[in-house]
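Good morning, colleagues. I would like to walk through a few local features of one structure, beginning with a helix pair. Please look at the display as I proceed.

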Amino acid sequence: MKQTIGRRDFVKTLGMGIPAGYLPIGTVYGDYSKDDVEFLQRDSAVFDLYRRLFNKRIDFLPRIIALCKNEKGVQQAVHYANTHSLDINIKSGGHSFEGFSLNNDGLVIDVSLMSGLELRADNRLIAGPGVRLVQLYSYCLPKGRLLPSGSCATVGLSGITLGGGYGLFAREFGLTCDHLKGVRLIDAKGIAVDSDEVPELLWACRGGGNGNFGVITEMRFDTVPAPTTLYQHRFRSYKLSPRAAADLARFWFDQCELLPDHAFSAFVLNRNTLTVMLTSTDHDRVMTRILSTFDQRMDENAQLKPDPLEVGIQYYYGRSNAMYFKNFSAGYYSGFNDISRSIEEIFTLVGKTPGAVFQINTLGGEISRLHQENEGAYVHRDANYLGEAQCYWEKPADEVQRLESMAHLQELLHKSGITKHYVNYPDINIKNYENAYYGDSYDRLQRLKSVLDPGNRFNYPQSIERA
């Protein structure tokens, strides 16, 4: 039986841009249709397929997976969870480093089939929550449009957007969430909420993280004209001591201060081999000078050639198959001094740990100029760099030692005063995660959580708590 929801009071006293009353969009369904959602039990032939994550070390066992096909199906899944008193987690691309898209003995809403894309005549992009980045670029770039985002092919667009979303184009055009202009969400009561009616929801979805308030069913983005060319450069140095690697890190930071906004760089130390990657959408005299400086300082220049953007981006798609790993945010930095105290010790640990990688990526540029304190929850715009610690292994027997090394690395970062972190690179060991991820936005996010999910139906170990 279908039950229509009428007007209700949403919030009267929060003073945060939410109207005192609004007309919810849609309905809650008491009966479940396979045209809208399929509930996969543990004995289903495809249950394990849909609980699989990109990180093979994560092995949670939900009671049921709701494979949603449309917004109505999401409402039915929320209704089912409420009826059976089940916690809800939300899975799209399945790339959460800590497996926050799954749970044990709860309900998982899988939105991977909701992957529609539509580019309208005004260049507004309408995207379902199941869209992957490979699909995004394959759809938009041939049309001459770009939504700046990450580069890993199988990452979900909804997940990367909700946490911020940076990549090769962020310095030139801003974060993915900066281009987000509207969302639809199913809240914990199964009610459809549109950010056009509730502007606070849009603010929260610009950097407020994943799986806290409800299930996104639609995202609306502005796009930009796609650059025609991706210029690519790669330099390497080998057999580095920790001190030599630290000296090159200082050199890299100094050069990156000169980068034009159309350029991006990554410092990637894989044990004792350093790779410096630079990409750009233009090739000017500033880039020529920077490239010449790296060519003189480092051991090897790969002499890569430029490609059309839709070809060049594919080189950064990464692996698509699941693997064992432990990755996490290594913190935001303003410059080299923020990490200088511990960098040799960190590089020593990376050199001793098989499969370990320490990567630093450039931010700044347009990201820093878009101070949207009243428009988005993302709070780290003053950071010019973002670190990522990574460790990969092939055999489950290697896990304990690798995790111990990574926990030690996280302790080194914390002792060095690195306390601000990227919510899309979570680590269960990050201390005071509320402030680390969200800073001054956290209290405001808590108030919205209390409205949209007062019973904490959507939760995981580092989710936003109610006010």
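In this predicted model, helix α7, residues 242-256, packs against helix α10, residues 343-352, at an angle of about 125 degrees, and their axes lie 9 Å apart. That angle makes α7 oblique to α10, and the crossing of the two helices is right-handed.

Which residues form this contact? From α7 come Pro242, Arg243, Ala245, Ala246 and Ala249, and they meet Ile343, Glu344, Phe347 and Thr348 in α10. By class, the contact of α7 with α10 comprises six nonpolar, one polar and two charged residues.

I turn next to helix α3. Spanning residues 133-140, α3 has Leu133, Leu136, Tyr137 and Cys140 as its buried residues. Seen down the axis of α3, these buried residues fall within an arc of 90 degrees, so they line one face of the helix. What covers them? The cover over the buried residues of α3 includes strands β9 (117-119), β10 (124-127) and β11 (145-146), together with helix α4 (157-163).

Is Ala77 buried or exposed? Its relative accessibility is 0%, and therefore Ala77 counts as buried. Leaving aside residues up to four places away in sequence, Ala77 touches Phe39, Ala66, Cys68, Leu107 and Ile109. As for Gly156, its C-alpha lies 20 Å from that of Ala77, with the two residues 79 apart in sequence.

That concludes my presentation; thank you for your attention.

Conventions:
Residues are numbered from 1 along each chain as its sequence is written. This is a predicted model: local features need pLDDT of at least 70, side-chain atom pairs count only at pLDDT 80 or more; totals for chains, interfaces and linings use all residues. Side-chain values use heavy atoms; hydrogens and water are left out. Buried means under 20% relative accessible area, exposed over 50%, partly exposed in between (1.4 Å probe, protein chains only). Contact means heavy atoms within 4.5 Å. Axes are lines fitted to C-alpha atoms, for helices over the stretch in contact, and angles run from 0 to 180 degrees between N-to-C directions. Helices (H or I, at least four residues) and strands (E, at least two) are DSSP runs, numbered from the N terminus. Angles under 35 degrees count as roughly parallel, over 145 as roughly antiparallel, 65 to 115 as roughly perpendicular and the rest as oblique. A crossing is left-handed if the near helix is turned anticlockwise from the far one by less than a right angle, and right-handed if clockwise. Ala, Val, Leu, Ile, Met, Phe, Trp, Tyr, Cys and Pro count as nonpolar, Asp, Glu, Lys and Arg as charged, and the others, Gly among them, as polar. The arc is that of the directions from the helix axis to the C-beta atoms.
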